[in-house]
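Me: I'd like to learn how to read a fold from its numbers. Could you walk me through one?

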Amino acid sequence: MLPVRDFRFEDFIDVYMVGDGFPSLVIVELDKLRKLLNEYESKASDEEIINDPAWSVVVEQANAAIREWDSI
């Protein structure tokens, strides 16, 4: 296991998970989530985000990543 240190989400996926041999499907699902988060255009308020259909896609992908994580 790699030493614990402060990571950004990208580092967590690219360094920790890949370096520690996590299953590739977990990494793939987290990478999809990363892509959606990076592409998401922020809104002015939390309410706008919650009501944004594009945010629903992000939430669905986060749930997919969690399901894969829970399977390991």
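Me: What share of the contacts in the protein with a separation of 6 or more comes from residues 24 or more positions apart?

Reply: A contact here means heavy atoms within 4.5 Å. In this protein, residues 24 or more positions apart make up 45% of the contacts with a separation of 6 or more. Keep in mind that this is a predicted model, where local features need pLDDT of at least 70, side-chain atom pairs count only at pLDDT 80 or more, and totals for chains, interfaces and linings use all residues. Residues are numbered from 1 along each chain as its sequence is written, and side-chain values use heavy atoms, leaving out hydrogens and water.

Me: How many helices and strands are there?

Reply: Helices (H or I, at least four residues) and strands (E, at least two) are DSSP runs, numbered from the N terminus. The protein has 4 helices and 0 strands, so the pattern along the sequence reads α-α-α-α.

Me: Which residues of α4 are buried, and which are exposed?

Reply: Buried means under 20% relative accessible area, exposed over 50%, partly exposed in between (1.4 Å probe, protein chains only). In α4, V58, Q61, A64 and A65 are buried. They sit on the same side of α4 because they cover an arc of only 120° around the axis, taking the directions from the helix axis to the C-beta atoms. On the other side, P53, E60, R67 and D70 are exposed.

Me: What covers the buried residues of α4?

Reply: The cover includes α2 (24-39). Across the whole protein, 24% of the 72 residues count as buried.
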